[in-house]
Amino acid sequence: MTPETLADLLETLVNFPSETGQEKALADWVTQRLAARGGGEILRSGHSVVWRGPSDSIARPLLVLAGHLDTVPANGNATARRVGDRLYGLGSTDMKSGDVVMLALLESLDPGDLRFDLAGGVLRRRGGPARPEWLEAPAERDAVAQGGAARDPARAHRPARSSSAATAR
């Protein structure tokens with residue numbers, strides 16, 4: 001994907017209203033996009049959507065790319081706006097730009113060429129910003145981890161953002 005393609009995808013995501021509790025339309029769109037990717041399985045629970053790539057019979061580490069869909073309430077920034085190579089709008093840096101990178105990776109990587117199993121998705125948050133519901137729901141977590149295999153995906157927190165605009169370069 002080119003920087004312009006990524007910026008266009010980010011603009012699409014930003015233009016979906018997705019304030020906390022109102023993520024359904026965006027979750028539906030992400031589900032359709034990941035289904036079009038093929039080559040894996042879609043898991044859906046409420047507004048959480050996960051794509052899990054195929055796994056062979058050899059036990060391999062699982063890499064989970066995870067983002068979230070919800071945003072804070074709009075404050076005059078509900079739609080995307082481009083100024084030069086920057087894109088402004090609700091969720092443009094938290095977390096929709098990360099969701100774009102995740103979608104691009106899921107769509108471009110061939111799971112058969114990887115040394116690990118791959119899953120990724122956008123998850124509805126609950127109970128605060130650092131508590132995605134799937135981490136608290138054993139059935140969903142186990143489904144992502146290959147049907148309950150004894151593997152816990154690692155968690156990594158995104159770094160603090162230093163700007164309120166995403167830059168395409």
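## How two helices cross

In this predicted model, the crossing of α1 and α3 is right-handed. Helix α1 covers residues 3-14 and helix α3 covers residues 96-108. Their axes come within 9 Å and cross at roughly 125°. An angle between 115 and 145 degrees is neither roughly perpendicular nor roughly antiparallel, and α1 and α3 are therefore oblique to each other.

## Who touches whom

On the α1 side, the contact is made by L6, L9, L10, L13 and V14. On the α3 side, K96, S97, D99, V100, L103 and A104 take part.

## A closer look at α3

How far apart are the end C-alpha atoms of α3? They are 18 Å apart, and this agrees with expectation because 13 residues at 1.5 Å a residue should span 18 Å.

Which residues of α3 are buried? They are K96, D99, V100, M102, L103, A104 and L106. These buried residues pack against α1 and α2 (24-37), and also against the strands β2 (48-52), β3 (62-68) and β6 (117-123).

## The whole chain

Stepping back, the chain has five helices and seven strands. Along the sequence they follow the pattern α-α-β-β-β-β-β-α-β-α-α-β. The chain has 169 residues, and 37% of them count as buried. Among contacts in the chain with a separation of 6 or more, 69% come from residues 24 or more positions apart.

Definitions and conventions:
Residues numbered from 1 in each chain as written. Predicted model: local features only at pLDDT ≥ 70, side-chain atom pairs only at ≥ 80, totals over all residues. Heavy atoms only, no water. Axes fitted to C-alpha atoms, helices over the stretch in contact; angles between N-to-C directions. Helix = DSSP H or I, 4+ residues; strand = E, 2+ residues; numbered from the N terminus. Parallel < 35°, antiparallel > 145°, perpendicular 65-115°, else oblique. Left-handed = near helix turned anticlockwise from the far one by under 90°. Contact = heavy atoms within 4.5 Å. Expected span 1.5 Å × (residues − 1). Buried < 20%, exposed > 50% of the residue type's maximum accessible area, 1.4 Å probe, protein only.
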